[in-house]
Amino acid sequence: MTSFVHIQAQNDSLSKPSIHRVSTIILDTLPILKKDTVQITTQIQKVQSKGEFIADTLVTEVLKDTVMYNPQDHHRLADLDARWKQELYSSGLFDTIYRTVTEQTYEEVVYPELSTDTLKARLARLNQRTPFNIAYNKSLESVIKSYLKNRREHLERLMGLSHFYFPLFEQELDRQNIPLEIKYLAIVESALRPRAKSRVGATGLWQFMFGTGKQFGLEVSSYVDERMDPIMATKAACKYLANLYKIFGDWDLALASYNSGPGNVTKAIRRSGGYKNYWNIRSYLPRETAGYLPAFLATMYIFEFAEEHDLQPVKPKFAYFETDTVKVKQTIRLEHVSESMNIPIEELQFLNPSYKLDIIPFVKDEDYVLRLPLEKTGTFVANESQVYALAKAEFDKQEKPLPKLFEAESKIRYRVRSGDYLGKIARKFGVRVSQLKRWNGLRSNNLRIGQRLSIFPKKPVTSSSSKVAAAKKQDFSNAKIYTVRSGDTLWSISKKFSGVSIENLKTWNNIRGSGIKPGMKLKISKS
């Protein structure tokens, strides 16, 4: 994490030039920073420790009158965070839930940890506090026991994600006077993945089709898909559900029509002889809708009685209220924010899912915003002119369209390694996940180690003669060598050398992504 924060000196010794010294202080809590400018030459290393683990290390480095803070997480704890992030961007949960809803068999499930009598009693208690018709039946019992027996790990991961999204859902549901239990619908719809897309094109947390999204004010353009925006999609879903409830006067039927459309529900009512209870018309509904409400009620039961079933949610890195938004002042890539603010690109993609190309456009009369972790928001605002300057410089250096077509031997074969996922591979080669899936005929985001992928990189590999010409074009005979220090980023290094950009550093040193390590030698060309 790189913060550009000015601090006020607390005594006279700090304001005078002094010999560089390093002191180590064991702290219970991190210091509170004040935003004022002061020239300081002291380097202080502060370590927060807990038992045998070092939680984090705060290194203060001096750059004239600017202090850079670079917390370095313990590698074992960082590995746990990395695993959590991989779960956020995995499509496994969505695919699993989709199959569960469409392929549920409702056969008897042996699960001795939950007796039928106990389940009946708990469903009766749940029925008393919700407006849904929750009554015991063998089909519902089958779904609940199947989930508890076969999907415990998935459920715990979903419970972790719910800590991030449910506060947002509940706020809007309460505002529009809709039962708070509707929040569980987003689990059945999308497994809480804002970029989830079904086989028929329904998109986002609430799985809006293109036309329905437009009907409820969700914009879809080349840059933005508001069906993937958690706030806007939730507001639209609440309006849609409220309209459906006005039509049917029953929340069970409103949910069924949300899934299959009001027309299919009214046809099922006619075919049943006029019944209006979901369970009485269920056999006349499309197969997916027939499994929809049982999945919703089973999810509600398990979340409401999670403690009784000893389910332990995987906690998210931060909650929704620990984030904030900034209205953009010019077009900017999430990659620019990631490199300048030292925020992992996956976090920014998770917080800003509606930007299809990871680009936030600046359009007159539109309020496009960048959502950031709360502790980074002030830092971004304080340095936004520099960040925007970086973004503009990078955009200006982009390769312009050529006046005529050219051929290049650009296809490569990539072998999937442990820890790889489509988003990571796409960023590595400068392409989109959708392109990787199209080139390799992938229907889901699942990969296996050793799998071979065909990739056409953004910067194609041309013929050998072109490579030689390119190599000759850049002369490194007079290049300066820079040794990477602790806390350095490509952005901070580029600022130390006039006329050097992040892209220059990547090209000169064959760097993919933004990963550099202390001690690494970088070539800085003078030609």
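Student: Which exposed residues does the face of H11 turned away from its buried side carry?

Tutor: In this predicted model, that face of helix H11 carries the exposed residues Arg270 and Arg271.

Student: Which residues of helix H11 are buried?

Tutor: Helix H11 spans residues 262-271, and Val265, Ala268 and Ile269 are buried in it. Viewed down the axis of H11, the buried residues fall within an arc of 100 degrees, so they line one face of the helix.

Student: What does Glu170 form a salt bridge with?

Tutor: Glu170 pairs with Lys183, and their closest N and O atoms are 2.5 Å apart. This pair links distant parts of the chain: Glu170 belongs to helix H6 (residues 152-175), whereas Lys183 is in the loop between H6 and helix H7 (185-190), 13 residues apart. Glu170 is partly exposed, with a relative accessible area of 26%, while Lys183 is buried, at 11%.

Student: Where do Arg175 and Glu172 lie?

Tutor: Both lie in helix H6, three residues apart, about one turn of the helix. Arg175 counts as exposed at 58% relative accessibility, but Glu172 is buried, with a relative accessible area of 6%.

Student: Which parts of the chain does the pair of Glu384 and Lys329 link?

Tutor: The closest N and O atoms of the salt bridge between Glu384 and Lys329 are 2.6 Å apart. The pair links distant parts of the chain, with Glu384 in helix H18 (residues 384-396) and Lys329 in the loop between S7 and strand S8 (332-333), 55 residues apart. Glu384 is buried, with a relative accessible area of 13%; Lys329 is exposed, at 52%. Elsewhere, salt bridges that share partners join Glu335, Glu339 and Lys506 into one network.

Student: Which residues form a positive surface patch?

Tutor: The patch consists of Lys411, Arg413, Arg415, Arg417, Lys424 and Arg452. One of these, Lys424, lies in helix H19 (residues 422-429) and is partly exposed, with a relative accessible area of 37%.

Student: Is Asp365 buried or exposed?

Tutor: Asp365 counts as exposed, at 72% relative accessibility. Its position is the loop between strand S9 (359-360) and strand S10 (369-373). Asp365 has a positive phi of about 70 degrees although it is not a glycine.

Notes: Residues are numbered from 1 along each chain as its sequence is written. This is a predicted model: local features need pLDDT of at least 70, side-chain atom pairs count only at pLDDT 80 or more; totals for chains, interfaces and linings use all residues. Side-chain values use heavy atoms; hydrogens and water are left out. Patches are made of residues with over 30% relative accessible area and no salt bridge: like charges are joined within 9 Å, nonpolar side chains (Val, Leu, Ile, Met, Phe, Trp, Tyr) within 5 Å. Accessible areas come from the Shrake-Rupley method with a 1.4 Å probe; for residues, only the protein chains shown count as cover. A salt bridge is a side-chain nitrogen of Lys or Arg within 4 Å of a carboxyl oxygen of Asp or Glu. Lys and Arg count as positive and Asp and Glu as negative; His and the chain ends are not counted. The place of a charge is taken as NZ of Lys, CZ of Arg, CG of Asp or CD of Glu. Helices (H or I, at least four residues) and strands (E, at least two) are DSSP runs, numbered from the N terminus. Buried means under 20% relative accessible area, exposed over 50%, partly exposed in between (1.4 Å probe, protein chains only). The arc is that of the directions from the helix axis to the C-beta atoms.
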